[in-house]
Amino acid sequence: MIPSARVRLRARSKKRQREMILRRRLVARLLEERPVCEIAWDAKCTGRSTEVDEIIGRGRGGDFLDESNCQTACHYCHSQKTEHPAEARRRGLKRHSWEAS
């Protein structure tokens, strides 16, 4: 049996390191300021925010450091939004960068 080769991950750039520090601070502040789940997908919502999600994802032109692009959510609701993107868009929980806010 041939041992699998380890692939080294590329180090984060200094710019990305700074952005991640800012992101962690933003997430901590938002969870403190907005303790209630803002998605409230259905009756299974726990009501307590534990995660921060972007309305316009980074891959779709969103800024993950823009507070107005963030919403707090419990794990269940965040998972539902991720698993059902069409429904999330219909509910206004997810948008493309070119869509009006």
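This is a predicted model: local features need pLDDT of at least 70, side-chain atom pairs count only at pLDDT 80 or more; totals for chains, interfaces and linings use all residues.

**Notebook: core, cysteines and a helix**

I looked for the largest nonpolar core and found nine residues: Cys 37, Ile 39, Trp 41, Cys 45, Ala 73, Cys 74, Cys 77, Ala 88 and Leu 93. My rule for a core is a set of buried Ala, Val, Leu, Ile, Met, Phe, Trp, Tyr and Cys residues joined through side-chain atoms within 4.5 Å. Buried means under 20% relative accessible area, exposed over 50%, partly exposed in between (1.4 Å probe, protein chains only).

Residues are numbered from 1 along each chain as its sequence is written, and side-chain values use heavy atoms, with hydrogens and water left out.

Next I checked for disulfides (cysteine sulfur pairs within 2.5 Å) and counted zero. Cys 37 is in none, as its nearest cysteine sulfur, in Cys 45, is 3.7 Å away. Cys 37 is buried at 8% relative accessible area. For Cys 77, the closest cysteine sulfur is that of Cys 74, at 3.5 Å, too far for a bond. Cys 77 is buried too, at 0%.

Then I turned to helix H2 (residues 75-83), where Cys 77, His 78, Gln 80 and Lys 81 are buried. They sit on the same side of H2, because they cover an arc of only 160 degrees around the axis, taken from the directions from the helix axis to the C-beta atoms. Thr 82 and Glu 83 are exposed on the other side of H2. Helices (H or I, at least four residues) and strands (E, at least two) are DSSP runs, numbered from the N terminus.
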